[in-house]
Amino acid sequence: MTPVDRIEALREEALSAVASADSTSDLETVRVRYLGRSAELTEIKKSIRDLSPEERREVGGAANRATGEIEAALSARLENLAAAEREERLGSEAVDVTLPGVPYPKGSLHPSLRVIDEVVDFFVGLGYRVAEGPEVETDYYNFTALNIPPGHPARGMQDTFFIDEGLVLRTHTSPVQIRTMLFQEPPVYVVCPGRTYRRDSDPTHTPMFNQIEGLAVDRGLNLGHLKGTLAAMARHVFGEDVSVRLRPSYFQFVEPGVELDVSCFACGGSDPNCKVCRGAGWIEMLGAGMVDPAVLTEVGYDPEEYTGFAFGMGPDRMAMVKYGVPDLRLFFEGDLRFLQQF
Ligand code: FA5
């Protein structure tokens, strides 16, 4: 076979390979095979210089024409295949925007957490620090250091879950007061949210509930500071129009001890059939008082130099009142139908 015949055969072979390539990567293989550096046609071109001038013209012309034709066929086929591949990709990746979406359940904050956030934000705004303590607490911090020594009848006021000798599930957040005062010198301004436990279960009592403790110890603090601070907090949580009143009460670790009532934010005290305050006009909110000098002495503070006030509130009860929920146990049953309403 003459070189020109061979070129002609290669040209035909290449053109039919181009025509039957059915992807851009196939086509690239064809290009390398017929026009690549070690392709037969390339070898023929390289050997042209060894031919006589006449043969050179003949073989060279045939080789250049074949190369040109193969290149043209390759680029035409490439354009077609690339367009087809793009079409196919667009088809398979198409999004049907009319399909109904997958609904995601919408989360929301638990009602207790909303009140906790509001109260804590308020105190942080006043410059209080957030402090936390363990839920499994020693008898010492939960009772003894709070002026409730072993055998004292005040221990019976809170139905305690005992874990082991000297260990309890804390019945209130007041032990965080002690931990804070033992850890730092006055002035102290802390707010302590956390879970607490008592053997209780009825519409306004659950075995696990939240409390928020507050403690301020400084020079010259008095009951007026306590009342002013808590009145401002009540307005922040329940609205600008509420007022507060203090009632005498008893807690072993404060003297005097008080309970704080908030005027009913629902009826303002004017509706004898009000569902929120049951006609009382006032809603009990928390226990508080001036820190007993015996407690200050226990943690090494000088009660002649420093005074303090403390308070402990139940944010679950506050949320119950704020959102009109009749049974506190609903808060902790995890029923989505209840929780989704908030
Ligand atoms: C105390 O626990 C005191 N440590 C509060 C205190 C702190 C007084 C600092 C003085 C100084 P009391 O037992 O009243 O107090 O509880 C405080 C609040 O916790 C109650 O007003 C109530 O809102 C909430 N609470 C108590 N028991 C339960 C319960 N079982 N379920 C839900 N909330 C409760």
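A: Asparagine 147 counts as partly exposed, because its relative accessibility is 24%; by the convention used here, buried means under 20% relative accessible area, exposed means over 50%, and partly exposed lies in between, with a 1.4 Å probe and protein chains only. The model is predicted, so local features need pLDDT of at least 70 and side-chain atom pairs count only at pLDDT 80 or more, while totals for chains, interfaces and linings use all residues. Residues are numbered from 1 along each chain as its sequence is written, and side-chain values use heavy atoms, with hydrogens and water left out.

Asparagine 147 has a positive phi of about 75°, although it is not a glycine. Its place is the loop between α6 (139–142) and β3 (162–164). Helices (H or I, at least four residues) and strands (E, at least two) are DSSP runs, numbered from the N terminus.

The loop between α6 and β3 also holds threonine 160. Threonine 160 is buried, because its relative accessible area is 9%. Apart from neighbours within four places in sequence, threonine 160 is in contact with Phe143, Arg155, Val168, Leu169, Thr171 and Arg199, where contact means heavy atoms within 4.5 Å.

The ligand comes next. Of the 24 residues around the ligand, those that come nearest are His172, Ser174, Arg198, Thr206 and Gln211; a residue is near a molecule or strand if one of its heavy atoms lies within 4 Å of it. In the side chain of histidine 172, an N or O atom is 2.9 Å from a nitrogen atom of the ligand. The side chain of arginine 198 has an N or O atom 2.9 Å from an oxygen atom of the ligand. For aspartate 200, a side-chain N or O atom is 3.1 Å from a nitrogen atom of the ligand. On its own the ligand has 680 Å² of accessible area, and the protein covers 93% of this; such areas come from the Shrake-Rupley method with a 1.4 Å probe, and for residues only the protein chains shown count as cover. The elements that give two or more residues to the shell around the ligand are β6, β9 and β10.

These three strands belong to a sheet. The open sheet has 7 strands in the order β1-β5-β6-β10-β9-β8-β7, with mixed pairing; two strands pair if DSSP finds at least two bridges between them. Its edge strands, β1 (129–130) and β7 (244–249), each pair on one side only. Strands β8 (residues 254–263) and β9 (residues 282–291) run antiparallel and are joined by 8 bridges. Valine 254 has valine 291 in β9 as its bridge partner.

Two helices lie across the sheet strands. Helix α7 (residues 175–183) lies across β1, β5 (188–197), β6 (208–218) and β10 (307–313), at about 35° to β6. Helix α10 (residues 315–323) lies across β6, β9 and β10, at about 110° to β6. Axes are lines fitted to C-alpha atoms, for helices over the stretch in contact, and angles run from 0 to 180 degrees between N-to-C directions.

Some backbone details remain. The peptide bond from proline 186 to proline 187 is cis, with omega near 5°, and proline 187 is found in the loop between α7 and β5. Glutamate 255 and proline 256 are also joined by a cis peptide bond, with omega about 0°; proline 256 lies in strand β8. In the loop between β8 and β9 is arginine 278, which is not a glycine but has a positive phi of about 55°. Arginine 278 is exposed, because its relative accessible area is 72%.

Conventions: Polar contact = N/O pair within 3.5 Å; in protein donor to acceptor, adjacent residues only side chain to side chain.
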